[in-house]
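Please load the model in your viewer and keep the sequence panel open beside it. The stops below are meant to be selected one after another.

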Amino acid sequence: NDGGGQQEPLDTMSALSNCRLVALYFSAHWCPPCRKFTPILCEMYNHLKEIVPNHGLEIVFVSSDRDSGSFQQYFGTMPWLAVPLSNERKQRIGTQFGVQGIPALVVLDTISGEVVVSKEHSRGEVTNACRGGNVSIEKMLMDDWLKRIPPESQMIMETLALSCEPQINTNPKITPNSYLEKVHSSSNDTKTDVGDASVRIKAVFNELVENGLQPNAAAAQAINQVAEEQARASSEVKLIPSMLTGKVEITHGGMEQEFPRKVGNSNVAKTAKQYLNNVRKHPYTFRFRSFKMSNKIFDRITASTDGIEDVLNLGFSTYNNDTDFMACIPLGANLEGMNDTIEHFLSKEGAKEKSGESEA
């Protein structure tokens, strides 16, 4: 149900599709400490909704009221959502998170379902933030709560953002062919625009979890599905025939690359193949897709002449976070095309070595 006076049923997927964290608020009208804390929570919620209307925090009221009248009166003072009073799952939700007294606030990561802020700490943190004013409330969400989400969830969002980011081709050797006009066909099966990818993933994820899939498996399957939708959207292209010469740019999975790819160093190729093999075996395990450029294995690439340029040519991407420079294999990368390029190069290098040995 949606609070603030207007109460109508909403499905879970629609209600929580645009939030990054969800807070379960266990409370009741008959409880004096609850009635004292609710206005403080409202102050925090209303301010965050102004500055982060999407991809921020949503609250769901889980009531312990004893009758419908008390529930309706109390819920009417709240601007967020609620589990219907008649829903039999309310008791199980409280038991699952160890709630034995009210008020209690449990903040969850919406991708993994893991607790980000426990019931033992959340009320105090909200109260202290509200005492500090709007800036303090914003810091609590942006600089504290959102940074507590599990590493795999953070990596999912970082990899997704990088994969959805439009790639600007700065290679002067590649020039767009002005005689080739690409007409993208519309498809009822393709529901994803690049800008809406994260929203689409959240929607698919929530639907899968509602159908009984475990959160980690649901996150991987949701990203897989959206990546395939993006690939279909990129590949459904009609070309207007013409007399053409020169090079053609091919866009696949949201990433522009010139084919064939190039690599010029065997150490770089062998190291890149190690990373690539891990991703091909575990394409939706994100710790295999993203790695620090300062680690000993990737150092073989950075220590090689033109090593970074070689892996970028292969389809790797680089970015930086608060602690390190990172390299990754984006979701939209053509894994088989990258592998073919490396295999072809290593085969040629092996033939050269054998030829040199024969001459010696």
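Predicted model: local features only at pLDDT ≥ 70, side-chain atom pairs only at ≥ 80, totals over all residues.

Residues are numbered from 1 along each chain as its sequence is written, and side-chain values use heavy atoms, with hydrogens and water left out.

**The whole chain**

Begin with the cartoon of the chain, which has 14 helices and 12 strands; helices (H or I, at least four residues) and strands (E, at least two) are DSSP runs numbered from the N terminus. Of its 360 residues, 42% count as buried, where buried means under 20% relative accessible area, exposed over 50% and partly exposed in between (1.4 Å probe, protein chains only). Among contacts between residues at least 6 apart in sequence, 71% join residues at least 24 apart, a contact being heavy atoms within 4.5 Å.

Next select residues 104-109, which form strand 4; six of the six are buried, so the strand is largely enclosed by the rest of the structure. In a regular strand the side chains alternate between the two faces of the sheet. Here A104, V106 and L108 point one way, and L105, V107 and D109 point the other way.

Move to T38, which lies in helix 2 (residues 32-51) and is buried, with a relative accessible area of 3%. Display its side chain together with that of Y74, because a polar contact of 2.5 Å joins the two, that is, a pair of N or O atoms within 3.5 Å, where within protein one must be able to donate a hydrogen and the other to accept it, and residues adjacent in sequence count only if both atoms are side-chain atoms. Leaving out residues up to four places away in sequence, T38 touches Y25, S27, Y74, M78 and W80.

Now bring in helix 5 (residues 119-131), whose axis comes within 10 Å of that of helix 2 and crosses it at roughly 65°. The contact is made by F37, I40, L41, E43 and M44 of helix 2 and R123, V126, T127 and C130 of helix 5.

**The sheet of strands 10, 12 and 11**

Finish at an open sheet of three strands in the order 10-12-11, with antiparallel pairing. Strand 10 (290-292) and strand 11 (317-320) stand at the edges, each with a single partner strand, so one side of each is left without a neighbour in the sheet. Three bridges join strand 10 to strand 12 (residues 325-328).

Which residue of strand 12 does F291 stand opposite? The residue is A327, and the C-alpha atoms of F291 and A327, 36 residues apart along the chain, are separated by 5.6 Å. F291 counts as buried at 6% relative accessibility, and among its contacts beyond four places in sequence are Y275, F298 and F316.

Notes. Pairing = 2+ DSSP bridges. Axes fitted to C-alpha atoms, helices over the stretch in contact; angles between N-to-C directions.
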